[in-house]
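Hi everyone, thanks for making time. I've got a structure to walk you through, so let me put it on the screen.

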Amino acid sequence: MKVLELNQIHIDENYIYYRRNYTAQAKLELLSKSLDANISFTIETNPFGDKIIYVDLAPGTNLDYPLIPVKSALKTYILTLDNEGKLPCA
């Protein structure tokens, strides 16, 4: 299981300064096939400065793969993009 890239990243309007909501299209490599899945994710910064990432797949997405490793790989990839400053800002 590998995250190849995130495309069409859009930030959603939010008035809570410590939460950033995004929607995107993830290109995933599952076993021997690649798959595009629509996702939404939130990056929340807690009072200590730690980032908590929540990832949701679009309803009706059938991965035919365990969901926990997919979400874990997406969270790691998103955190890397955020640390490198590659995510859009509000």
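Let's start with Ile 16, which counts as partly exposed because its relative accessibility is 37%; buried would be under 20% relative accessible area, exposed over 50%, and partly exposed is what lies in between, with a 1.4 Å probe and protein chains only. You'll find Ile 16 in the loop between β1 (2-12) and β2. Together with Tyr 17 and Tyr 18, Ile 16 makes a nonpolar surface patch of about 370 Å². For patches, residues need over 30% relative accessible area and no salt bridge; like charges are joined within 9 Å, and nonpolar side chains (Val, Leu, Ile, Met, Phe, Trp, Tyr) within 5 Å. A salt bridge here is a side-chain nitrogen of Lys or Arg within 4 Å of a carboxyl oxygen of Asp or Glu, and the areas come from the Shrake-Rupley method with a 1.4 Å probe, where for residues only the protein chains shown count as cover.

Quick housekeeping: this is a predicted model, local features need pLDDT of at least 70, side-chain atom pairs count only at pLDDT 80 or more, and totals for chains, interfaces and linings use all residues. Residues are numbered from 1 along each chain as its sequence is written, and side-chain values use heavy atoms, with hydrogens and water left out.

Now the sheet. It's open, with four strands in the order β1-β2-β3-β4 and antiparallel pairing. At the edges sit β1 and β4, each pairing on one side only. Strands are DSSP runs of E, at least two residues, and helices are runs of H or I, at least four, numbered from the N terminus; two strands pair if DSSP finds at least two bridges between them.

β2 (residues 19-30) and β3 (residues 33-45) are antiparallel and joined by twelve bridges. Their hairpin has two residues between the strands, and Leu 31 there has a positive phi near 55°.

Ile 43 is a handy landmark: Arg 20 stands opposite it, and in β4 its bridge partner is Ile 53.

And what lies across the sheet? Helix α1 (residues 67-83) lies across β1, β2, β3 and β4, at about 130° to β4; axes are lines fitted to C-alpha atoms, for helices over the stretch in contact, with angles from 0 to 180 degrees between N-to-C directions.

Technical notes
Contact means heavy atoms within 4.5 Å.
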